[in-house]
Amino acid sequence: MVGTEIPAQNGASTPQDRRFGTLAVHAGAPHDPTTGAVIAPISLSTTFAQTSVGNPVGLYEYTRSSNPNRDHFEQAIAALEHAKYALAFSSGSATTAVILQSLAAGSHVVSVSDVYGGTHRYFTKVASAHGVHVTFSPCIELDVEELIRPNETKLVWIESPSNPTLGLVDIEKIAAVAHRHGILVVVDNTFLSPYVQNPLDHGADIVVHSVTKYINGHSDVLMGVAAFSSDSLKERLGFLQNAIGAVPSPFDCWLAHRGLKTLHLRAREATTNATAVAKALEASPHVISVNYPGIDSHPHRAIAIKQHRQGMGGGMLSFRIKGGQEAAHLFCKHTKVFTLAESLGGVESLCEVPSSMTHAGIPKDQREAAGVFDDLVRMSCGVEDAEDLLADTLQALEKAVAATKVGNGTA
Ligand SMILES: *Cc1c(COP(=O)(O)O)cnc(C)c1O
């Protein structure tokens, strides 16, 4: 593999201890050794010539097994997640599927209950068909020890922050218990990105991302990635990456790698914007409550300070609006900068009503037990100017609440 060597000059740091932004731009981004191209070409070829049987010209044979663009992207993610290895997949969901496929029939998994909907669907409707069973816990920090089944439990699955209520889990605490029993810990880090949180530093064994969200960041690629440092996981998951073949195209790898190079800039801006919006919502008479881990009112703020870069809250928040489901729907209808749409993590701001959209499949009583009320609005803050996002939020609140006639706390 061509290295990512940048000549160290004047006492410059070695590649290993470079900071996030420098790694985001340079890790896995070698200059083309033959043309000097600063940006790697997209290697669309599915097959690679061999000079004699079993002697390929370079490192590659067939694109499902590996290709230059996927290698580059995986190297960059490994560097940013403080991992030895990363493996890219065709979606976040394919990443989850491959990790679950790696477990033997009869295995048991303990998961936080408010996982991403597609993860919940895979756990309950697909993994069970292969003899892998999942127990969901609404308070995993308290009961993980009791839920572990000796010799059966192989994995603990955490999502922090959770979706859409932004609850946090103390990864170090869970990892200590899991590791005492020889169990691996997986953290879905999609909502924060490696810029804000590095789960492996807190004891997780595997970190997964829907690259579709913050890592690509431009709402134009569907992709996933897993990063870890264990050689045996590299062997097992790498085998399945090739054997199952749920791999991303070279073009998608190239696009996602391009997006990744500005992750630190986007994540900082999204945090600044979400913090401003969360504070304005908190001060509004039209709002019941705000879920944002970047402000002191968040019940798990101490975990954010411990686990997130500079206690940053990331770009996601949710809030309950006065006026019920009708007001929540109207709010999303009246925003002009925030687009009403599912998904998150792009440069453009989005909003949605989880109970009617992303979480509509969960029965109402279960939903409400997890804090997902009909009046909850989820917002993904992009990188527009904070003043415009604030003005948009406040005007949509006024319109939504006026229309449902519960303004100014008189309801
Ligand atoms: C979107 C998402 C996924 C699934 O990823 P896809 O790329 O859509 O398959 C998994 N986890 C979280 C937290 C997500 O937001």
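1. Starting with burial: E74 and R70 are both buried in this predicted model. The two form a salt bridge, with 3.5 Å between the closest N and O atoms. Why do E74 and R70 sit about one helical turn apart? Because they are four residues apart in helix α2 (residues 68-80).

2. Next, another charged group. K364 makes a salt bridge with D374, and here the closest N and O atoms are 2.7 Å apart. K364 belongs to helix α13 (residues 364-369), while D374 is in the loop between α13 and β14 (376-380), so this pair ties together parts that are 10 residues apart in sequence.

3. Through shared partners, the salt bridges join K364, R367, E368 and D374 into one network. If you're keeping a tally, the count of salt bridges comes to 12.

4. On to the rings, where the count is six aromatic pairs. One of them is Y85 with F228, a tilted pair at 6.1 Å centre to centre and 40° between the planes. Y85 lies in strand β3 (residues 85-89) and F228 in strand β9 (residues 224-228), so the pair ties together parts 143 residues apart in sequence. Are Y85 and F228 buried or exposed? Both are buried.

5. F123 and W157 make an edge-to-face pair, with the ring centres 5.3 Å apart and 85° between the planes. F123 comes from helix α4 (residues 117-126) and W157 from strand β6 (residues 153-159), so this pair links parts that are 34 residues apart in sequence. F123 and W157 are both buried. Which residues form one aromatic cluster? F123, F136 and W157 do.

6. Last, the surface. E269, D385, E387 and D388 gather there in a patch of negative charge. Of this group, E387 is found in helix α14 (residues 386-403). E387 has a relative accessible area of 58%, and exposed means over 50%, so E387 is exposed.

Technical notes: Residues are numbered from 1 along each chain as its sequence is written. This is a predicted model: local features need pLDDT of at least 70, side-chain atom pairs count only at pLDDT 80 or more; totals for chains, interfaces and linings use all residues. Side-chain values use heavy atoms; hydrogens and water are left out. Patches are made of residues with over 30% relative accessible area and no salt bridge: like charges are joined within 9 Å, nonpolar side chains (Val, Leu, Ile, Met, Phe, Trp, Tyr) within 5 Å. Accessible areas come from the Shrake-Rupley method with a 1.4 Å probe; for residues, only the protein chains shown count as cover. A salt bridge is a side-chain nitrogen of Lys or Arg within 4 Å of a carboxyl oxygen of Asp or Glu. Lys and Arg count as positive and Asp and Glu as negative; His and the chain ends are not counted. The place of a charge is taken as NZ of Lys, CZ of Arg, CG of Asp or CD of Glu. Helices (H or I, at least four residues) and strands (E, at least two) are DSSP runs, numbered from the N terminus. Buried means under 20% relative accessible area, exposed over 50%, partly exposed in between (1.4 Å probe, protein chains only). Rings of Phe, Tyr and Trp (its six-membered ring) pair if their centres lie within 6.5 Å; planes under 30 degrees apart count as stacked, over 60 as edge-to-face and the rest as tilted.
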